[in-house]
Amino acid sequence: MNQLHKLLNQIESHIPNLEKVNPSVSQSCIGWQLDHSLIVINSVVTQIKSSNPENYKWKFKWIRTYIQITNKIPRGKVKVPKSVSPVDVATAEALKAKLEQARKGIADLEKLHPNSYFTHPFFGDLNLKTTIWFLKLHTNHHLKIVTDIISNG
């Protein structure tokens with residue numbers, strides 16, 4: 001969980017740059033990247049907390065295995081599901097509120113059953129350990145985009 005908390009601190013450190021954009025890196029501004037990351041974290045935490053561990057079923061998914069081996073999400077290959085896509089550019093205040101919700105949610109993960117799970121649209125059911133891996137991978141992916149927007153801007 002420590003790594004997730006560090007990633008949340010990184011998100012917080014980029015909030016002052018929320019309006020910065022660099023079309024050569026991404027069509028989305030930094031605020032969108034941060035907002036999307038927080039929406040995903042909060043949505044996943046809500047889902048995993050409400051799951052029934054008895055219903056968890058592991059299934060082989062080649063795409064999940066490939067991403068786990070490379071530990072990298074390819075850029076620009078996946079369309080963001082509407083349920084986790086920011087509608088408007090969030091304000092600094094809205095991002096801070098989502099950030100606090102994410103911090104509380106991440107702390108709650110420690111109390112969950114190992115077979116608590118959420119269902120990812122491509123990876124299938126992810127138990128607690130794999131969910132934490134996914135959250136770190138996904139958040140890191142968007143923080144790298146943020147870093148590239150800043151350094152190439």
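Q: Which residues does Leu-8 touch, not counting residues up to four places away in sequence?
A: Leu-8 touches Leu-38, Ile-41, Leu-99, Ala-102, Arg-103 and Ile-106. Contact means heavy atoms within 4.5 Å.

Q: What sort of model is this, and how are residues numbered?
A: It is a predicted model, where local features need pLDDT of at least 70 and side-chain atom pairs count only at pLDDT 80 or more, while totals for chains, interfaces and linings use all residues. Residues are numbered from 1 along each chain as its sequence is written, and side-chain values use heavy atoms, with hydrogens and water left out.

Q: Back to the core. Which residues of the largest nonpolar core touch the most other members?
A: Leu-8, Leu-34, Ile-106, Leu-109, Phe-134 and Leu-135, out of 38 residues. A nonpolar core is a set of buried Ala, Val, Leu, Ile, Met, Phe, Trp, Tyr and Cys residues joined through side-chain atoms within 4.5 Å. Buried means under 20% relative accessible area, exposed over 50%, partly exposed in between (1.4 Å probe, protein chains only).

Q: Which helices each supply at least two residues of this core?
A: H1 (2–14), H2 (30–49), H4 (92–109) and H5 (128–151). The largest share, 10 residues, comes from H5. Helices are DSSP runs (H or I, at least four residues), numbered from the N terminus. In soluble globular proteins, nonpolar side chains tend to be buried together.

Q: Now packing. At what angle do the axes of H1 and H2 cross?
A: Roughly 150°, and the axes come within 10 Å. That makes H1 roughly antiparallel to H2. Axes are lines fitted to C-alpha atoms, for helices over the stretch in contact, and angles run from 0 to 180 degrees between N-to-C directions. Angles under 35 degrees count as roughly parallel, over 145 as roughly antiparallel, 65 to 115 as roughly perpendicular and the rest as oblique.

Q: Is the crossing of H1 and H2 left-handed or right-handed?
A: Left-handed. That is, the near helix is turned anticlockwise from the far one by less than a right angle; clockwise would be right-handed.

Q: Which residues meet there?
A: Leu-8, Ile-11 and His-14 in H1 meet Ile-30, Leu-34, Ser-37, Leu-38 and Ile-41 in H2. The contact of H1 with H2 has six nonpolar residues, two polar and no charged. Ala, Val, Leu, Ile, Met, Phe, Trp, Tyr, Cys and Pro count as nonpolar, Asp, Glu, Lys and Arg as charged, and the others, Gly among them, as polar.

Q: And how do H1 and H5 pack?
A: Their axes are 10 Å apart, at an angle of about 25°. H1 and H5 are therefore roughly parallel to each other. The crossing is left-handed here.

Q: What about H2 and H4?
A: They pack at about 35°, with axes 9 Å apart. Their contact divides into 11 nonpolar, four polar and four charged residues.

Q: New topic: His-142. Buried or exposed?
A: His-142 has 7% relative accessibility, so it counts as buried. His-142 is found in H5. Leaving aside neighbours within four places in sequence, His-142 is in contact with Trp-32, Gln-33, His-36 and Ser-37. The C-alpha atoms of His-142 and Gln-33 are separated by 5.9 Å, though the residues are 109 apart along the chain.

Q: Where is Arg-75?
A: In the loop between H3 (62–70) and H4. Arg-75 counts as partly exposed because its relative accessibility is 39%.

Q: What does Arg-75 touch, not counting residues up to four places away in sequence?
A: Val-25, His-141, Lys-144, Ile-145 and Asp-148.
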